[in-house]
Amino acid sequence: MSSVASAAARSEAAKASDRPEPTNHTAVNKPHRSFGTVIAPYLFVAPAFIVVFVFVVLAALNTFRLAFTDSTLLKPGKFVGFQNFIDLFQDEYFLTALLNSSLYVVCVVPFMVILPLILANLVKGNGRIMGFFRTAFYMPVVMSAVVVGMIWTNLLDSQGLINSILKGAGIIEEAIPFLTNRWGILFSSMFVTIWLGLGYYMVIYLTALANIDESLYEAAALDGAGPVRQFVSVTMPGVRSTMVLIMMLSTISAFRVFNEVYVLTNGTAGPGGMDMTMSMLIKNEGTGIQARTGYASAISLVVLVIVGTLLIIQQIIQKRGED
Amino acid sequence: MKIAGKRITVGKVVQYLILILMFVVLVGPFVWELSLSLKGPGDNVYAVPPYIIPKTPTLENYVDVFRQVPVAHYMLNSLIVACISIAGNIILSTMAGYALGRLKWKGRGLVFAIFMGTMVIPLEGVMISQFLIVKGMGLQNTLVSVALPGLVTAMNILLMTNAFKSIPMELEEAAMVDGANLWQRFFRICVPQVKGTMTVVGIFAFVGAWNDFLWPLITISDENNYTLTLGMNRLKGLFISDPRLIAAGALVSLIPIIIFFCCFQRYFFRGLEAGGLKG
């Protein structure tokens with residue numbers, strides 16, 4: 001969860017650096033700085049820096065290096081140029097994974113941008129009842145995708161609750177095969193992803209809604225605008241930059257989907273591996289005794305480039321919106 | 001134009017209808033699983049139409065889950081990982097945040113830029129290399145290795161840096177006049193001011209570690225060191241044919257996080273605001 005939020009905080013980081021920095025002037029002006037004071041900042045920052053440097057910076061550089069080798073878990077491998085990338089685009093699993101992860105983005109993101117905004121509008125404001133609904137809607141967010149996957153495996157089973165309700169209501173005769181064919185599994189996973197994420201984005205929208213000037217609504221109401229009209233002409237413009245942010249956050253997390261598909265397919269990536277996603281493919285290729293670490297790193301690099309590009313696009317859109 | 005009062009009434013009805021519908025969709029599954037987990041052999045779990053109240057209520061399913069899968073052991077493993085992660089994130093990000101937010105030193109801008117730059121890197125981009133690093137350290141398949149890459153995140157460092165920056169200068173200056181040295185100012189003046197943010201960091205570290213699945217799946221192979229999510233994944237494979245047991249397992253593993261959420265609820269919402277998500 002925090003990795004998703006992390007991207008969001010970057011805009012705040014940019015703002016923070018614009019502020020005049022309340023640094024320790026007195027310490028700077030102090031005539032004699034003891035040795036301890038000089039090295040203290042480095043001691044403070046060193047532990048965190050070492051962790052981040054080793055596990056993110058070095059790891060990323062190593063991914064970049066490995067992507068151009070044919071290394072496996074058991075042998076270091078040698079430089080092979082762009083061979084891995086040439087192989088990738090002839091690899092049926094990779095193309096399937098790229099398609100599925102992209103489809104995931106196309107289908108999930110619109111729901112993540114619109115539904116939580118509507119929900120946030122309905123639960124904003126004070127009072128116990130709204131507070132209760134907010135808490136209830138947020139609950140799935142703190143739950144592990146594995147456990148939620150277990151629950152939905154039960155619910156979406158051919159004899160599960162959803163099919164029982166639909167049959168009981170006379171809507172369907174035959175059970176809907178949610179979890180047995182390629183598209184059923186993919187769309188069911190998307191549903192679980194949306195189900196899990198609604199509350200999270202709802203809370204982000206709530207903070208944005210709190211910043212909209214209440215007098216705008218009053219003015220709109222005086223002009224005779226109903227709730228729908230107010231939503232379109234006051235709320236939507238007011239949360240525009242948040243919408244862009246959520247669009248990017250949900251795009252990135254949808255593209256990286258792993259847990260939901262893994263759990264709903266019992267780790268098999270569906271019939272014939274046709275529900276493979278990018279993250280699952282990296283895990284499959286890069287782990288185990290037969291791991292092709294070089295090839296898996298090439299896929300990682302593709303993901304890195306795609307995610308990086310998306311974040312840069314988001315920054316540009318956000319900057320343009322602020323000017 | 002209609003009378004405002006009437007329109008509001010219609011609006012309210014629609015509003016509450018949608019809210020109740022969403023409540024059923026988002027909370028209903030848990031209620032159904034609870035009902036399933038309590039249903040005994042006398043109940044038809046596949047009944048059409050379905051029913052909620054068990055006809056032969058029993059706790060046997062829960063006993064079965066604990067007998068067949070060492071759930072408590074998995075929970076303990078998850079708890080160990082979560083504790084390491086909480087301690088690491090709170091301590092390391094507080095220290096780094098203090099240096100970045102309140103002290104002046106050569107290279108500060110560069111270090112801050114490196115931290116922020118790492119935020120764009122998704123786990124998938126580095127997890128194979130992380131595994132190779134952990135393996136190189138001889139730590140693969142240990143609980144420490146599960147916590148290690150997330151011991152501190154750039155996001156938390158940013159949160160702490162911003163928290164330290166927002167402390168008024170006067171506080172520290174006054175302490176300085178009184179002759180307090182850097183360590184005293186850090187522990188006695190600044191840290192107490194950012195306790196709220198430290199709590200937020202700790203809470204998100206807990207939830208992140210507790211729910212993490214992909215990374216433990218890669219680094220842990222020995223069932224003895226399974227975390228709860230790995231254990232539940234295994235349980236699901238074992239009991240795929242009996243929804244009662246899956247439901248019981250799911251609920252057991254949800255109880256700790258639900259209690260945790262209820263205790264620290266306000267911090268969850270506060271954390272998202274502190275994360276700079278103010279649009």
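Does Ala269(A) count as buried or exposed, and how many C-beta neighbours does Ala269(A) have inside 10 Å? I will come back to that after the overall picture. What you see is a predicted model.

Let me start with confidence. The predictor gives the complex an ipTM of 0.89 and a pTM of 0.88. For chain A the mean pLDDT is 87, with 88% of its residues at 70 or more. Chain B has a mean pLDDT of 89, and 94% of its residues reach 70 or more. One stretch needs a caution: over residues 1-31 of chain A, pLDDT stays under 50. The model has 54 contacts beyond four places in sequence for those residues. Where pLDDT is low, the predicted coordinates should not be read in detail.

Now chain A as a whole. Its secondary structure comes to 15 helices and zero strands. Of the 323 residues in chain A, 46% are buried. Among the contacts in chain A with a separation of 6 or more, 71% are between residues 24 or more positions apart. Chain A is divided into domain 1, residues 22-66, and domain 2, residues 82-322. Taken over C-alpha atoms, the centres of these two domains of chain A are separated by 37 Å.

Next, what the record says. The unreviewed UniProt entry annotates "transmembrane region" at residues 39-61, 103-123, 135-155, 183-206 and 294-313 of chain A. I checked two of these against the model. Residues 39-61 of chain A are 100% helix, and their end C-alpha atoms lie 29 Å apart. Residues 183-206 of chain A are also 100% helix, with 34 Å between the end C-alpha atoms. UniProt, again in an unreviewed entry, places the feature "domain: ABC transmembrane type-1" at residues 98-314 of chain A. That span is 74% helix and 0% strand, and its end C-alpha atoms lie 21 Å apart.

Twelve of its twelve residues are buried, so H7(A) is mostly covered. Among the buried residues of H7(A) are Trp152(A), Thr153(A) and Asn154(A).

The other is H14(A), residues 278-286. Eight of its nine residues are buried, so H14(A) is largely enclosed by the rest of the structure. The buried set in H14(A) includes Lys283(A) and Glu285(A), along with Met278(A) and Leu281(A). Just after H14(A), Gly288(A) takes a positive phi of about 90 degrees.

That brings me to the loop between H13 and H14 of chain A, where Ala269(A) sits. The answer to my opening question is that Ala269(A) counts as buried, because it has 24 C-beta neighbours inside 10 Å and the cut-off is 20 or more. Ala269(A) also has a phi near 65 degrees, a positive value in a residue other than glycine. Asn266(A) lies in the loop between helix H13 (259-264) and H14 of chain A. Asn266(A) has a positive phi of about 55 degrees although it is not a glycine. Asn266(A) is partly exposed, with 15 other C-beta atoms within 10 Å.

Now the partner. Chain B is divided into domain 1, residues 4-58, and domain 2, residues 65-274. Their C-alpha centres lie 34 Å apart. Six residues of domain 1 of chain B are in contact with six residues of domain 2 of chain B. On the domain 1 side, these residues divide into three nonpolar, one polar and two charged. In the loop between H1 and helix H2 (60-68) of chain B lies Pro49(B). The peptide bond from Val48(B) to Pro49(B) is cis, with omega near -10 degrees.

Last, the contact between the chains. It takes 98 residues from chain A and 96 residues from chain B. Helix H3 (residues 35-66) of chain A gives the most to the chain A side, with 20 residues. By class, the chain A side has 60 nonpolar, 32 polar and six charged residues. For one example from the other chain, take Leu19(B), found in helix H1 (residues 4-37) of chain B. Leu19(B) touches Leu122(A) and Phe133(A), not counting residues up to four places away in sequence. Leu19(B) counts as partly exposed, with 19 C-beta neighbours inside 10 Å.

Terms used: Residues are numbered from 1 along each chain as its sequence is written. Chains are lettered from A and ligands numbered from 1 in the order in which they are written. This is a predicted model: local features need pLDDT of at least 70, side-chain atom pairs count only at pLDDT 80 or more; totals for chains, interfaces and linings use all residues. Two residues are in contact if their C-beta atoms, placed from the backbone, lie within 7 Å. Helices (H or I, at least four residues) and strands (E, at least two) are DSSP runs, numbered from the N terminus. Ala, Val, Leu, Ile, Met, Phe, Trp, Tyr, Cys and Pro count as nonpolar, Asp, Glu, Lys and Arg as charged, and the others, Gly among them, as polar. Domain bounds come from an automatic or database domain assignment. pLDDT is the predictor's confidence in each residue, from 0 to 100. UniProt positions are given in the numbering used here, feature names are shortened, and annotations may be inferred rather than shown by experiment.
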